[in-house]
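This briefing concerns a ligand site and a helix. Please consult the sequence and the structure shown below.

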Amino acid sequence: MYIFQEGEAGDNAQKLLCYDLHLYIMNIEFVQLRNFRNYEELSFSPSPGINVIYGKNGSGKTNIIEAIHYLSLGKSHRTNSDRDVVRNNESFAFCSATVRKANTKIEISLNLSPNEKKVKNFSIAKKRINRFHELIGQLQCVIFSPEDLLVIKEGPQLRRKLIDMMISQISTEYFIALQEYNSALNQRNAILREYKKTNVYDPNMIDIFDEQLAKYGTVIITHRARFIDELNRIASYYYEQISHNEHEKLSIQYASSLKIDSELSRAYKKLLLSNLQNDLFRGTTEKGIHREDLDILLNTKEIKVFGSQGQVRTAALCIKLAQVELFKKHSGEWPVLLLDDVMSELDVERRRKMMELTGKVQTFITCADESDVDIQLADRKYYIYQENANGKMKKFIEECNSNISNNELIFE
Ligand SMILES: Nc1ncnc2c1ncn2[C@@H]1O[C@H](COP(=O)(O)OP(=O)(O)OP(=O)(O)O)[C@@H](O)[C@H]1O
Ligand SMILES: [Mg+2]
């Protein structure tokens, strides 16, 4: 993506370059589903470039994205109940992916059996794994789905969650600090709640937890500031590229209440102390990193208030593209990009640009209509149709579109 710009010596050169690079970029070579959502049986070999999956509403496009998400992060991106993905009237679901990485090739698979004692079993190279963290990182994915628009439109909680998740994926120090912070916060809040009932509290205990919150809060603020600065730089670059309009400037700013300097930890503790009476009155800790927000602005105005639907979607997409970039920078591997139904509200120019930018990592794009994407830029195109309520997939090879029957692959 972005860092390969120097290789751009014309479209063909760029394409060649990315195919060479795909030899070293993580990509999924083969996908197989059995009794997964509406698929009785499905298998296909995606391109290492852009894969477009299109079909009518309800045909099963997101189901494929969901299966890949399971194999990457161990869970669905849209349900908390594993049982939901098991095909109706079946007792198990299965999905697997063969993943090519820089030096190896692995097969990751999932067996879901809601009626068994252990419902969810993952295997790597056919060997069952016992610990969840063995799965994380094997297949790195960045997903963008319609739900992500809420990150921009809704309250600060979702934005914090997104930032926490992004930084946690690349920094264990951050992940641990966040866990420690939340644990100290819960205990401090328990004291505050108790005070509301009894009018008694132990200032020494508050002091102990304030110390913890200041210590871990400092780590978190420092990471957030650094990360959001990088995110802003890359996302605003993408926004400029995609909108093709120099008057539309995206900026993402970290709205921290504290200044980052050598006094940060002390200032943090002071902030908690100065707000203690208020916290005791309210029964909760009102200041700190758990209340911070991100300002997402378009030309210095809040995008959630002033942005059009397409602008909000472009901004959300650029944040995800920046995440891909930052993933690569920090982990050394390009992740697979999953774009579920994100094209329909973008104008033609934005769609084209968007596909050009994503073309350097393996990308799965779903859309309801073939015209939602610039087909010239798709490396492989799949059309999903349903027959007798069974999901089937028909693969079109773009160059041979006129003679589809020779090239179709139907899986039942
Ligand atoms: N457990 C299940 N068993 C069988 N079919 C299921 C199951 N869960 C969902 N489905 C079916 O899967 C289909 C929805 O699939 P999916 O969400 O992938 O559609 P889509 O192609 O992404 O649609 P849209 O364009 O509206 O986003 C629906 O027809 C639904 O009935
Ligand atoms: Mg869908």
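A polar contact is a pair of N or O atoms within 3.5 Å; within protein, one must be able to donate a hydrogen and the other to accept it, and residues adjacent in sequence count only if both atoms are side-chain atoms. The model is predicted, so local features need pLDDT of at least 70 and side-chain atom pairs count only at pLDDT 80 or more, while totals for chains, interfaces and linings use all residues. Residues are numbered from 1 along each chain as its sequence is written, and side-chain values use heavy atoms, with hydrogens and water left out.

**Ligand 1: polar contacts and cover**

- A polar side-chain atom of Asn-57 is placed 2.9 Å from an oxygen atom of ligand 1.
- Backbone N or O atoms also approach ligand oxygen atoms: one of Ser-59 at 3.2 Å and one of Asn-63 at 2.8 Å.
- Ligand 1 taken alone exposes 660 Å², of which the protein buries 71% (Shrake-Rupley method, 1.4 Å probe).

**Ligand 1: surrounding residues**

- Ligand 1 is surrounded by 15 residues, the closest being Gly-58, Lys-61, Thr-62, Asn-63 and Val-86 (a heavy atom within 4 Å).

**Helix α2**

- Of the 13 residues of α2, 12 are buried, so the helix is largely enclosed by the rest of the structure (buried: under 20% relative accessible area, 1.4 Å probe, protein chains only).
- Among the buried residues of α2 are Lys-61, Thr-62 and Asn-63.

Definitions and conventions. Chains lettered and ligands numbered in written order. Buried < 20%, exposed > 50% of the residue type's maximum accessible area, 1.4 Å probe, protein only. Helix = DSSP H or I, 4+ residues; strand = E, 2+ residues; numbered from the N terminus.
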